[in-house]
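Dear colleague,

Please find the structure below.

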Amino acid sequence: MLVTGAAGFIGAAVCERLLGRGEQVVGIDSLNSYYDPALKQARVARLEAVAPSGAWAFEQLDLGDAGAIAELFGRERPRLVIHLAAQAGVRYSIENPGAYLESNLVGLGSILEGCRHHGAEHLVYASSSSVYGGNTKLPFSERQPVNHPVSLYAATKKAGELMAHTYSHLYGLPATGLRFFTVYGPWGRPDMAPMLFAKAILAGEPIRVFNQGRMRRDFTYIDDIVSGVIACADKPATPDPGFDTSAPDPATSWAPHRLFNIGNSQPVELLRFIELLEQTLGRAAIKNFQPMQPGDLEATAADTSLLEAWVGFRPSTPIEVGVERFALWYLHTYARAHC
């Protein structure tokens, strides 16, 4: 099977779980410099260390290189593709929109073409809770329309869902889109709040707390995310036999395409997350309260009932446990190597 974004936070964790259950995995990643490539390389090194002989292969490839992606598909002919590579980050999409168009749209196009021409049996791809945009009715449900994005990042993720659905319709490609809700945990991204907060707290530097601390997020621990991704990978999308074209359900289709939220379903205020981080790090945070930032959502909360009905998904990591695990990893592994 093929995993894109294999050196990323979620991608590396998915690869590790797949290798642990005896799968043959080919991972690709561009190792770009959006954040420290050394962290990405360290994740790949961990995979090389745990993989059984011959079970793991890694290639540095850019999704924008359509020729190289086509050659990879022709050579490997993956039965399952888990597409997690993307240009991430809401605020960075305002500064550098071109990176999002190239990776999240052109890159996805290359993956869809590879699946189409080389017989992939199932595509699982990453979407985002950001697609809910201007929606304020919580918890977010896949049955809600998502026609009002508030960032280019969100718009590219919404567009990606439409692209995947089109290939499911035209070519019969089973495709499952997963809307991730604020993933955190060991080996996370250094551009996200948990890592930024931990680094600043330990250094005695102020942390920026947006929306005057009133942000609420459905923080979802990495192990729960991985379990959901793999459960969906094991169950290819199918057409919804009850789909009504006169009252279409955005979550399903007459085509073999499904959309699912994957979150903790227990949103917490950002200040609570910071409090838990302070407890494990043993330091108080210096909080610099700031207004809402363009492109951000004030609150997110996942209705995961459809995913539970589909694959039995139930997150099992309370925020107190997850934050402690993350903070201990940061103290004993990441900070010693990078700070």
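**Packing of two helices**

Helices α1 and α2 are roughly parallel to each other, a label used for angles under 35 degrees. This is a predicted model, in which local features need pLDDT of at least 70 and side-chain atom pairs count only at pLDDT 80 or more, while totals for chains, interfaces and linings use all residues. Residues are numbered from 1 along each chain as its sequence is written, and side-chain values use heavy atoms, leaving out hydrogens and water.

Helices here are DSSP runs (H or I, at least four residues), and strands are runs of E with at least two, numbered from the N terminus. Helix α1 covers residues 9-20 and helix α2 residues 37-50; their axes lie 10 Å apart at an angle of about 0 degrees. Axes are lines fitted to C-alpha atoms over the stretch in contact, and angles run from 0 to 180 degrees between N-to-C directions.

In this contact (heavy atoms within 4.5 Å), Phe 9, Ala 12, Cys 15, Glu 16 and Leu 19 of α1 meet Arg 43, Arg 46, Leu 47 and Val 50 of α2.

**A buried loop residue**

Asn 135 is in the loop between β5 (122-128) and α6 (152-171). Asn 135 counts as buried because its relative accessibility is 18%; buried means under 20% relative accessible area, exposed over 50%, and partly exposed in between, with a 1.4 Å probe and protein chains only. Leaving aside residues up to four places away in sequence, Asn 135 touches Phe 140, Gln 144, Pro 145 and Val 146.

**Helix α9**

The buried residues of α9 include Phe 273, Ile 274 and Glu 278. Just after α9, Gly 282 has a positive phi of about 75 degrees.

With kind regards

Terms used: Angles under 35 degrees count as roughly parallel, over 145 as roughly antiparallel, 65 to 115 as roughly perpendicular and the rest as oblique.
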